[in-house]
Amino acid sequence: MSRGETVIEVSGLHRKFGKAEALKGVHLRVERGELFGIFGPDGSGKTTLMQSICAILDPTEGSVFVQGFDSVKEAGSITSRIGYMSQAYSLYGDLTVEENLEFFAGIRQIPRDIYLARREKLLEFSGLRPFLRRRVRQLSGGMQKKLALCTNLVHEPDILILDEHSLGVDPLSRRHLWRMIEEYHVEGKTVVLTTSYMDEAAKCGKLAFLFAGEILLIDRPESIGDLEGVFAEHAGKQAEIHDLPFTARIVEGEAVRVSGLVKTFDSFRAVDDLSFSIARGEIFCFVGPNGSGKTTTIQMLCGIISPSAGEILVAGINVLLDRESVKSRIGYMSQIFSLYPDLTVEENIEFFGRVYGLDRTILASRKAWILEITGLAAEETKLVAALSGAVKQRLALGCSLVHQPDILFLDEPTSGIDPVSRRNFWKMITALAGLGTTVLVTTHYLSEAVNCHRVAFMHRGRVLALDSPGGFREKYGTDSLEDIFIELMEEAG
């Protein structure tokens with residue numbers, strides 16, 4: 001095949017799940033050697049489109065051809081020729097890096113001598129050589145992503161399909177992943193990817209904007225102009241953030257104080273002598289690579305796990321001595337939203353309200369308030385399992401606020417949602433802080449960190465630097481918090 005030849009052709013593609021139509025007549029062509037990006041808000045149909053291209057899903061109507069093969073009649077010919085990295089990548093946690101590579105090479109029936117040569121190239125390519133004999137479950141999220149990409153390149157496919165490849169990884173790991181993709185692409189390979197990062201979308205040779213199952217435009221990024229403006233124009237009609245009808249209870253002194261905090265798992269020290277404080281009404285942010293100890297720290301502050309050493313005061317309460325009193329004063333939103341998929345939106349709100357002991361009258365008014373501020377009034381009778389990620393995120397936040405806590409702990413709350421949903425989410429967080437609620441948040445989006453009063457950069461269980469966004473900019477002489485973060489991580493090794 002020569003450059004310019006069509007290798008993927010999608011014609012009039014419809015895909016239904018029951019009565020719901022995820023794709024509505026999609027037309028798409030990808031030429032050999034292109035770096036083709038698909039961007040759009042959460043729930044727009046990106047994953048359904050990618051799985052249709054990979055011959056995982058059959059069209060309800062229309063057709064998909066990949067390198068001339070029909071996705072329905074010749075699915076095996078397509079799957080043997082492509083690499084597909086899904087959002088939930090298929091690695092084996094109890095196997096080592098080396099064993100995972102060998103397993104996927106075996107599935108692809110790659111001769112041993114060819115595999116060994118490719119393995120050396122991939123290990124160099126990914127920087128995973130020092131971790132060859134480490135079990136996958138012991139790797140950081142960023143390393144797991146790089147390994148997942150390697151397992152999809154071990155058979156050297158002509159076409160690589162990536163569905164939100166950088167979802168949930170820190171900026172340094174995201175940069176490493178992107179370098180791997182670019183090095184693969186310059187060899188003349190075709191890459192099709194979905195992303196919610198504007199900077200990644202801008203690096204693509206061609207972009208398709210997918211909204212509500214339809215492609216609204218296809219063009220080169222430089223011809224589209226301001227990508228976030230396109231998002232806002234089509235997907236920005238979200239719920240307005242109204243005045244919140246409560247003020248957090250007065251917390252005397254600091255809202256949070258942590259002294260000499262340590263957490264050890266067997267011989268591994270996940271949190272290493274942390275000390276910091278957070279003021280009432282402050283938005284305090286932890287930024288760090290996967291495995292830096294952010295989640296472990298939040299879980300200790302919430303009383304979910306016990307520290308190995310140190311002291312924690314939350315809302316003036318010693319967490320080690322009185323966990324139950326602390327729980328009534330805090331709201332916690334974990335990375336994996338603790339919602340019940342078989343319950344409706346309103347049933348989830350009612351469940352969490354009852355857990356916090358709210359009487360029927362108060363719970364009814366709180367439920368109405370949550371439905372209003374999250375824009376979920378029209379979704380209240382829907383099962384959570386049927387909601388998009390962005391809608392689940394808003395509901396999870398609402399449930400964490402049902403008892404009107406003094407302090408809100410948010411662990412990666414915006415991971416995997418589109419820029420407009422992230423922006424609206426932060427409007428709500430800022431409004432809560434303005435009313436006196438203290439917020440501790442973790443994030444991989446450095447563009448979000450500028451919304452915080454102070455930012456702590458974490459690495460290997462320690463805080464490397466702590467300052468306001470303005471303080472960091474002044475000290476390092478740059479407006480880019482991402483560049484500052486990467487510099488700190490590289491200095492730390």
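Is Lys 382 buried, partly exposed or exposed, and at what relative accessibility? Lys 382 counts as partly exposed, because its relative accessibility is 40% (buried means under 20% relative accessible area, exposed over 50%, and partly exposed in between, with a 1.4 Å probe and protein chains only). The points below set this residue beside others.

1. Basis of the note. The model is predicted: local features need pLDDT of at least 70, side-chain atom pairs count only at pLDDT 80 or more, and totals for chains, interfaces and linings use all residues. Residues are numbered from 1 along each chain as its sequence is written, and side-chain values use heavy atoms, with hydrogens and water left out.

2. Salt bridges. The whole structure holds 26 salt bridges (a side-chain nitrogen of Lys or Arg within 4 Å of a carboxyl oxygen of Asp or Glu). In one of them, Lys 382 pairs with Glu 379 at 3.1 Å, N to O. Another joins Glu 120 to Arg 119 at 3.2 Å, N to O. Arg 119 is buried, with a relative accessible area of 12%, whereas Glu 120 is partly exposed at 31% relative accessibility.

3. A bridge between helices. Asp 199 and Arg 174 form a salt bridge of 3.1 Å, N to O. This pair links distant parts of the chain, 25 residues apart: Asp 199 lies in helix 7 (residues 198-202) and Arg 174 in helix 6 (residues 171-185). Helices (H or I, at least four residues) and strands (E, at least two) are DSSP runs, numbered from the N terminus. Arg 174 is buried, with a relative accessible area of 7%; Asp 199 counts as partly exposed at 35% relative accessibility. Through shared partners, salt bridges join Arg 174, Arg 175, Asp 199, Glu 200, Glu 482 and Asp 483 into one network.

4. Lys 24. This residue belongs to strand 2 (residues 20-31) and counts as partly exposed because its relative accessibility is 33%. Beyond its neighbours within four places in sequence, Lys 24 is in contact (heavy atoms within 4.5 Å) with Leu 13, His 14, Ala 212, Gly 213 and Glu 214. The side chain of Lys 24 reaches the backbone oxygen of Ala 212 at 3.3 Å.

5. Nonpolar cores. The largest nonpolar core has 48 residues, of which Leu 395, Leu 397, Leu 410, Ile 429 and Phe 457 touch the most other members. Such a core is a set of buried Ala, Val, Leu, Ile, Met, Phe, Trp, Tyr and Cys residues joined through side-chain atoms within 4.5 Å. Not counting residues up to four places away in sequence, Leu 410 touches residues including Ile 298, Met 333, Phe 425 and Val 439.

6. Thr 414. The loop between strand 17 (407-411) and helix 15 (419-434) contains Thr 414. Thr 414 is buried, with a relative accessible area of 1%. Its side chain makes a polar contact with the side chain of Glu 448 at 2.6 Å (a pair of N or O atoms within 3.5 Å; within protein, one must be able to donate a hydrogen and the other to accept it, and residues adjacent in sequence count only if both atoms are side-chain atoms). Residues up to four places away in sequence aside, Thr 414 also touches Gln 393, Arg 422, Phe 425, Trp 426, Thr 443 and Tyr 445, among others.
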